[in-house]
Structures are given as C-alpha cells and as structure tokens.
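Subject: Structure for you to look at

Hi,

Here's the structure I said I'd pass on. Have a look at it first, then read my notes below.

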Amino acid sequence: MDLAGVGVLSVGLLLLVTPLVFGQEAGWPTWTWMCLIGSVPVFALFAVVERRVAASGRAPLIAVHLLARPRISLALCAQASIRAAYFALLFVVALYLQQGLGASPTYSGLVPVSWVATFALVGPVLSRMDPQARSLAAPVGGVLMAVSFAGVALGADVWWLVALLGVGGVGYGSAFSGTLAHLTDAVEPRHAPDVSGLFNTTLQVGGTLGVAAFGTVYLNLAGAGPRHAFAVTSWALAALSITAAVLFHLANRAESTPA
C-alpha cells in the first residue's frame, strides 16, 4: 500500500474540506483561510510523492500522470462542476423553501424527488445508445441542467419547480453517466482503478465546494429577500452548468494520449 500517498492526500483533503464545511457557520475565522491556503502545498507535495512512488516501481495511490491527459482532467473538472451545482441545489432549495416560504422540512425534502427519480432513469437508457450518442450525453446534460436552473431563477409555483427539477435530473444523469463512459474509454484497462478513485474523489470534493460556495452566496443575499437570493444563486448555478458543458465538449474533442 502507498501509505505515504494515503497520509498526504488525507491531510490535504482535511485542510480543504473542513473549512468549507464549518466556515460559513463559524464566520470564516482566520483558521479556515489558513487551512485552505495550506492545502495547496500539501496537494503539490502529494503529486511529488506519487511520482516518486511510481518511479520506484511501486503502485501509487493515484496515477498522477493521468491528470496530464486533457481527456481526463477536463472531464473531471466538468464533473466536479456538475456535482457542485447538484449539491448546491439541494442545499439552497431546502433553505429557500423552509426559511423563505415557511415550508416544513418534510415538504422541502420531497420537492427534489423529481430530480432523483429522473436521474435514475437516464443510465439504463444511455447504455442502449450507440457510442456517438453517449459521447454527447455529458455536454447535453450540462445544458439541460442550465435550462433547469434558469427556469427556476425566473420564478414559478412549486409544481413548476418540481417539473424543472425533473429536467435537471435528466441533465445530471446524462452528465454523470456520460462522464463515466467517457473516462472508461479514455484509459487503458489497467488504469481503471486509478480513474475510479479520481472520479469518486472529484465527486466528494465537488459536492462540498458547491454547498460551501453557493450556500454562502445564498445566505449572504438572503437579507435582501429569500426570492432574490434564490434567483441569483440559481442563475449562478446555470452559468456553472454551461461551463461544465463546455468542458465536457473540450474533453470529447481532446486527443487520446497513449500510455
């Protein structure tokens, strides 16, 4: 086992994630910024450690050289953005419905069910499509999420919100499944475990960043009115989804890099 890699990466993620989780509630004290800044050199050290492990002939925790491939790095950045938008949505919708509209926690928890339901339907459908169609799934998914967020930002009743979230779920499912298919095709079989680890770590970090960043935006704007804060945050999520769609498109166009 690459114990050195495990240790350094764990410290880096701890420094990055902890202030993002507790920073807003704590008022962003000095220690949160010190942790965020400190995570940068730790991640740089992790890259050095992993390259040395690989050079010694042992198996590194993460094959860092894979991140030098645009087909992989761009797809992971896009997936992090999509995940950030999804987690931010769940957090902000709950705040808006409960604090803004006075809904119960149960009610606000049921509203996003349409998102989850449509997300679950996409994977089986995509698996039956030809490779060319699957390659378009991720960028199209990002666009569908942007449409969903833009519709939410324009304002409507709760039933319209549920319908728009259903559209967003289709988009997220397309982006998620499309990225998995893309990454599977982008690497040699022996690197499948490395890509799997990168993908799952990207999901966790992206989700945490989304809640921290967009939750902070919403809470800072809530003083001007919950509806205003929700609309501005939704437009920001739409912009992030479009950015992810562009990154997915660039990842598809990037040339494969041989092992």
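The axes of helix α7 (residues 158-186) and helix α8 come within 11 Å and cross at roughly 155°. Axes here are lines fitted to C-alpha atoms, for helices over the stretch in contact, with angles running from 0 to 180 degrees between N-to-C directions. Helices are DSSP runs (H or I, at least four residues), as are strands (E, at least two), numbered from the N terminus. That makes α7 and α8 roughly antiparallel to each other (angles over 145 degrees count as such). Their crossing is right-handed, which is the word used if the near helix is turned clockwise from the far one by less than a right angle. On the α7 side, the contact (heavy atoms within 4.5 Å) is made by Phe 176, Thr 179, Leu 180 and Leu 183, and on the α8 side by Val 195, Phe 199 and Leu 203. By class, that's 6 nonpolar, 1 polar and no charged residues. For the classes, Ala, Val, Leu, Ile, Met, Phe, Trp, Tyr, Cys and Pro are nonpolar, Asp, Glu, Lys and Arg are charged, and the others, Gly among them, are polar.

Before I go on, a word on the source: this is a predicted model, where local features need pLDDT of at least 70 and side-chain atom pairs count only at pLDDT 80 or more, while totals for chains, interfaces and linings use all residues. Residues are numbered from 1 along each chain as its sequence is written, and side-chain values use heavy atoms, with hydrogens and water left out.

Next pair: α8 (residues 192-221) and α9 (residues 226-253) have axes that come within 8 Å and cross at roughly 155°. So α8 and α9 are also roughly antiparallel, and their crossing is right-handed. From α8, the contact takes in Phe 214, Val 217, Tyr 218 and Leu 221, while the α9 residues include Pro 226, His 228, Phe 230 and Leu 240. This contact has 11 nonpolar, 2 polar and no charged residues.

And the whole chain? There are 9 helices and 0 strands. Its radius of gyration (over C-alpha atoms) is 19 Å, close to the 18 Å from the globule rule for 259 residues, so the chain is as compact as a globular protein of that length. That rule is 2.2 Å times the number of residues to the power 0.38. The C-alpha atoms fill a box of roughly 60 × 50 × 25 Å along the principal axes. Buried residues (under 20% relative accessible area, 1.4 Å probe, protein chains only) make up 44% of the 259.

Cheers

Technical notes
Parallel < 35°, antiparallel > 145°, perpendicular 65-115°, else oblique. Buried < 20%, exposed > 50% of the residue type's maximum accessible area, 1.4 Å probe, protein only.
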